[in-house]
Amino acid sequence: MMKLASLASFILAASATADDNVTGDLDVWDDIFASRDYHILADAQANGLIWTEGPALVTNNDGGGDVMLYFSDVIAAKTYSLDVDKAIRDRTKDKANNSDATTSNILDTYLHVIKERSGDAPQKDDNWRAEPGGNGLACLHGAQRVVILDVDSGTTNALASEYKGKKFNGPNDIVLRSEKNGELFAYFTDPVYAWLEKDRFEDLPYLDERVKSHGPGLCGVYRVKLTEDAHLQTNVKNEVELIASDMMRPN
């Protein structure tokens, strides 16, 4: 079984030189993190990472308690796992030997693709959270649904794909919350950005029209209840509850 650990500060999609200078802008908004040293664990260019989002840090209690980082590349439509413990050990060893491996390809060493798009369906994984029982919850932005992801096989089961018979715009961000009565819910946002078209970033009003014509008619914040057998269910339409509809574009 996997349990969520606290999410710290990660630098994934960055390039580095031998002295760990990050190429590009690095803004730190939290004074606590500003005082910490960072390690580049996965170089973007060397490992083919384009636009990473939705990190979730998970402790695996079935083995040696390894810490895994799961995240998505929204452009490449891939979900990755990164063995944080091994990456840090190797990075520390490199520094001790006065060598530098920050720009090396670590795919299939301790960075693994656990899911990627299949067929012609655009499945942009935008955010990821761990779910009790060894599975994950992922927002498939382009595929317009929230799924339960088996991190071992990469297979998915739809948890929520529509509200009142209309498909979502493109779920974007997701969190887990345990209510006082012990029930577990997944809360997620559904903004307009899945409707973006190439070369139409200035003509944004069309997005709102697309929400009305092709989506649920609003940009909302929703929740759906998680059950113990949710990961086993197929073709089940779970009850989705609208929590907020007064936000213009909840991201």
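Is K225 buried, exposed or partly exposed? K225 is partly exposed, with a relative accessible area of 37%, where partly exposed covers the range between buried (under 20% relative accessible area) and exposed (over 50%), for a 1.4 Å probe and protein chains only. The structure is a predicted model, in which local features need pLDDT of at least 70 and side-chain atom pairs count only at pLDDT 80 or more, while totals for chains, interfaces and linings use all residues. Residues are numbered from 1 along each chain as its sequence is written, and side-chain values use heavy atoms, with hydrogens and water left out.

The protein chain contains four helices and 17 strands; helices (H or I, at least four residues) and strands (E, at least two) are DSSP runs numbered from the N terminus. Of its 251 residues, 42% are buried. Among contacts (heavy atoms within 4.5 Å) with a separation of 6 or more, 58% join residues 24 or more positions apart.

The largest nonpolar core has 16 residues, and L137, V146, L159, F168, I174, F188 and V240 touch the most other members. A nonpolar core is here a set of buried Ala, Val, Leu, Ile, Met, Phe, Trp, Tyr and Cys residues joined through side-chain atoms within 4.5 Å. Two or more residues of this core come from each of strand 9 (135–140), strand 10 (145–150), strand 11 (156–160), strand 15 (184–190) and strand 16 (220–226). A second, separate core of 15 residues includes A44, L82, V84 and L111. In soluble globular proteins, nonpolar side chains tend to be buried together.

V240 belongs to strand 17 (residues 240–244) and is buried, with a relative accessible area of 13%. When residues up to four places away in sequence are not counted, V240 touches A160, E162, Y163, F168, F188, Y222 and R223. The C-alpha atoms of V240 and L159 are separated by 9.4 Å, although the two residues are 81 residues apart along the chain.

Strands 14 and 15 run antiparallel and are joined by five bridges, with V175 having Y187 in strand 15 as its bridge partner.

Strand 6 (residues 78–83) has five of its six residues buried, so strand 6 is largely enclosed by the rest of the structure. Its antiparallel pairing with strand 5 (residues 67–73) extends over six bridges, and F71 stands opposite Y80 in strand 6. Four residues lie between the strands in this hairpin, where A77 takes a positive phi near 60 degrees. Strand 6 also pairs with strand 7 (residues 111–116) in the antiparallel sense, over five bridges; K115 in strand 7 is the bridge partner of T79.

Six salt bridges are present, each defined by a side-chain nitrogen of Lys or Arg within 4 Å of a carboxyl oxygen of Asp or Glu. One of them joins the side chains of E183 and K225 (2.9 Å, N to O). E183 lies in the loop between strand 14 and strand 15 and K225 in strand 16, so the pair ties together parts that are 42 residues apart in sequence. E183 is partly exposed, at 27% relative accessibility. R249 and D208 form another salt bridge (2.9 Å, N to O). R249 lies in the segment after strand 17 and D208 in helix 4 (residues 205–214), so this pair ties together parts that are 41 residues apart in sequence. R249 is partly exposed at 23%, as is D208 at 30%. A salt bridge also links R223 to E241 (2.8 Å, N to O); R223 is buried at 17% relative accessibility, whereas E241 is partly exposed at 37%. R223 and E241 belong, with R177 and E179, to a network of salt bridges.

Terms used. Pairing = 2+ DSSP bridges.
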